Amino acid sequence: MAASINSLPNEILEFIFSLLPPYEPLEHCAAVCKRWNLLATNVRARKKSNLQKGLIDFNLCWKEILQESTPRIAARFAHASSLHRNSMYVFGGASSCDTTFNDLWRFDLSRREWIRPISMGTYPSPKAGASLVCHNDLLILFGGWQHAYTPFHMCTLIDELHVYNIAENRWTIHNQAYGPPPMTGHSASVHRNKMILFGGYQKNMENLRTSNDIWVLDLERLVWKKPAVSDLKPAPRYGQFQMAIGEDHILVLGGTGGVNRVFNDAWLLDMQRDTWVWKRVQIKNKKSIVTHNWCYPACNVGSKVIVLGPTSPNDFQIIRPNRVPPMGRTRPTVEQLRNRIGAAPQGPMHAGEPNIPRNNPAPPARANLPPPPPAPMQPTLPGPSQGVSPKESNPPSGPGPSKPPSTVNGGAAVVEARPGPSGLRTPSSTASGPPSRSMPIIRNPFNRQSSEDDHLPKRFNQQNLEQNHMAMVAFSVDSTNHASNASFSHERKLELLRKLEDKISAMRRAKEAEQQQQQQQRHGIREVNNADRSINSTGGSPDPVTPKRVKRNGLAIFVCDVSNLLPTGGAEPCIEWQESKNSGLIAGAPDHYTFSTMINGNGELIVFGGLNKNHKSENLCVSNSVHFLTVPTAVV
């Protein structure tokens with residue numbers, strides 16, 4: 001008697017179906033017979049329930065799809081994405097070269113490959129930061145920004161409304177006389193046959209501002225209207241997450257109102273009455289809340305909201321430097337400066353230029369005359385007990401013959417104090433009294449004059465000989481020690497260039513080694529999985545494997561329970577952030593990318609694109625990788 005696949009028990013057949021992608025292949029299996037249809041329906045429901053349970057137990061895993069086939073989508077960030085049946089649609093976005101896209105891509109979730117539909121109609125303009133929602137077989141695209149094509153201009157905000165018909169593969173534009181202003185960073189959701197827009201960064205009458213307005217688009221007639229809203233509203237913001245709670249409520253999480261104004265609050269909008277009412281939502285377990293909930297992807301899975309974000313509160317900040325000088329403060333006097341640097345005067349002040357730092361209140365004027373001839377140097381140096389006073393170490397303020405070197409303790413000549421790297425004249429020691437504290441060396445890149453700094457570039461330590469007497473007047477630096485620094489040879493420059501070339505080569509080799517190491521790790525994981533399968537088949541025991549450290553620069557997972565937003569009995573709405581394991585980090589997580597997108601598939605979450613935040617490099621790193629967050633496959 002010949003055996004067939006229908007001879008297998010339901011449990012085995014259902015496990016086989018669970019290994020298939022939960023999209024088109026599973027739909028084909030469901031169309032075979034009633035038994036297979038029932039088993040395929042159970043597989044879909046089990047995958048969704050396993051994902052929700054995995055979010056509670058933190059039993060999740062990351063999987064990355066390596067794109068080796070063509071066509072391949074370009075790397076981008078701030079794009080718009082939406083799910084339609086078995087495909088993820090991606091439109092627009094920005095690159096690292098100050099350009100924006102207007103292309104539409106479709107990612108086939110069944111075959112895990114990109115497809116570029118060559119659509120017809122009125123194509124949208126290149127834009128990023130737009131909203132894209134799906135209604136029936138239509139994709140509704142609104143708003144966004146694009147790079148300015150002229151220098152010294154800001155980005156341009158857009159108020160275009162485009163509709164893409166998936167069945168006809170055609171774009172259509174709908175310009176309305178009444179509608180929202182040009183905006184970006186807004187949020188959108190679909191309720192029955194209406195699209196609700198909230199917030200955003202808008203342009204009103206040539207003024208740019210954040211907004212907390214609500215706009216409603218009738219998806220059947222494509223007409224805008226602005227509903228009546230209660231006086232209590234959320235603060236103006238953009239970059240927030242918006243989620244539909246049933247058919248008559250909207251949840252808004254996070255956002256930002258500008259520089260250093262990141263919101264971690266929650267608001268609930270009730271749309272059951274003629275006047276829509278905002279309610280502030282109570283947040284429980286705030287210690288597990290995501291720190292910066294405005295530029296990271298988020299989506300909802302049933303009664304859970306999943307947000308990807310950094311693990312450290314200082315991982316991403318907008319900082320605007322404040323250079324306003326402090327008011328009500330006076331500059332210190334000369335005596336205070338001497339006491340501060342530890343060189344107290346030991347006699348009356350000399351009539352010449354005071355030996356103070358560059359920020360003196362009023363340095364004496366110097367005549368624009370040639371420099372005085374240098375004083376002759378005696379070969380004898382002062383002993384350990386010899387020294388000079390600050391009065392003797394200061395040069396004369398005006399032109400004239402130089403003062404001969406002083407003789408102390410038997411006529412021994414004392415070398416004139418030379419300025420140090422900070423432009424201060426440092427006495428060696430004192431002739432009488434207790435020894436004073438040594439003067440600190442203040443390094444400044446604009447007035448380094450020490451002989452040990454002759455390897456610096458010419459703009460720091462070398463001046464033209466004919467302008468030595470006036471080049472460093474503002475820094476109180478003597479002009480007599482510039483001659484020794486003027487011999488910066490051509491060989492030294494070549495040596496510096498060789499060192500720089502070696503450094504760049506070392507950085508390039510380190511980057512290549514890191515890429516090779518990542519590839520080896522991926523191959524190692526595959527080999528370990530194959531070895532585990534062979535061991536399980538043979539019944540042996542595997543060798544202990546040292547666990548790998550989870551990288552700290554990856555995105556962490558934050559889960560919020562929103563099941564108590566619509567309580568019964570008159571209770572206040574509330575949400576609760578769940579405590580995660582290992583700070584929300586899972587092995588294989590995507591790198592620290594911002595402005596990426598995440599959508600909810602069938603029992604898995606799909607993350608695409610983003611902008612990498614790297615403090616060590618000035619170049620922007622944009623990604624086109626696709627990551628899947630799912631539950632590990634259980635073995636029967």
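The questions and answers below concern a predicted model of one protein chain.

Q: How many helices and strands are there in the protein chain?
A: The chain has 636 residues, and buried residues make up 41% of them. Among contacts between residues at least 6 apart in sequence, 60% join residues at least 24 apart. The secondary structure of the chain comes to 8 helices and 33 strands.

Q: Are helices α1 and α3 parallel, perpendicular or oblique to each other?
A: Helix α1 covers residues 10-18 and helix α3 covers residues 34-57; their axes lie 9 Å apart, at an angle of about 60 degrees. Roughly perpendicular pairs fall between 65 and 115 degrees, and roughly parallel ones under 35 degrees. The two helices are therefore oblique.

Q: Is the crossing of α1 and α3 left-handed or right-handed?
A: The two helices pack with their axes 9 Å apart. Their crossing is right-handed.

Q: How many nonpolar residues are in the contact of α1 with α3?
A: From α1, the residues involved are Asn 10, Leu 13, Glu 14, Phe 17 and Ser 18. On the α3 side they meet Arg 35, Trp 36, Leu 39, Ala 40, Asn 42, Val 43, Arg 46 and Lys 47. By class, this contact has 4 charged and 3 polar residues, and the nonpolar ones number 6.

Q: Which residue in the turn between β2 and β3 has a positive phi?
A: Strand β2 (residues 80-84) has 4 of its 5 residues buried, so it is largely enclosed by the rest of the structure. It runs antiparallel to strand β3 (residues 87-91), with 5 bridges joining the two, and His 84 stands opposite Ser 87. The strands form a hairpin with 2 residues between them, and the turn residue with a positive phi, of about 55 degrees, is Arg 85.

Q: Which residue in β28 stands opposite Lys 304?
A: Another open sheet of 5 strands, with mixed pairing, has the order β23-β29-β28-β25-β24. Its edge strands, each pairing on one side only, are β23 (282-284) and β24 (298-301), and neighbouring strands are turned by 25 degrees against each other on average, direction ignored. Within it, β25 (residues 304-309) and β28 (residues 556-561) pair in the antiparallel sense over 6 bridges. In this pair, the residue opposite Lys 304 is Asp 561.

Q: Is Leu 197 buried or exposed?
A: Leu 197 lies in strand β15 (residues 194-204). Not counting residues up to four places away in sequence, it touches Ser 131, Phe 142, His 186, Ser 187, Ala 188, Asp 213, Ile 214, Trp 215 and Trp 224. Its relative accessibility is 1%, and so Leu 197 counts as buried.

Q: What distance separates the C-alpha atoms of Leu 197 and Ser 187?
A: Ser 187 is among the residues that Leu 197 touches. The two are 10 residues apart along the chain, and their C-alpha atoms are separated by 5.7 Å.

Note on methods
Residues are numbered from 1 along each chain as its sequence is written. This is a predicted model: local features need pLDDT of at least 70, side-chain atom pairs count only at pLDDT 80 or more; totals for chains, interfaces and linings use all residues. Side-chain values use heavy atoms; hydrogens and water are left out. Axes are lines fitted to C-alpha atoms, for helices over the stretch in contact, and angles run from 0 to 180 degrees between N-to-C directions. Angles under 35 degrees count as roughly parallel, over 145 as roughly antiparallel, 65 to 115 as roughly perpendicular and the rest as oblique. A crossing is left-handed if the near helix is turned anticlockwise from the far one by less than a right angle, and right-handed if clockwise. Contact means heavy atoms within 4.5 Å. Ala, Val, Leu, Ile, Met, Phe, Trp, Tyr, Cys and Pro count as nonpolar, Asp, Glu, Lys and Arg as charged, and the others, Gly among them, as polar. Buried means under 20% relative accessible area, exposed over 50%, partly exposed in between (1.4 Å probe, protein chains only). Two strands pair if DSSP finds at least two bridges between them.
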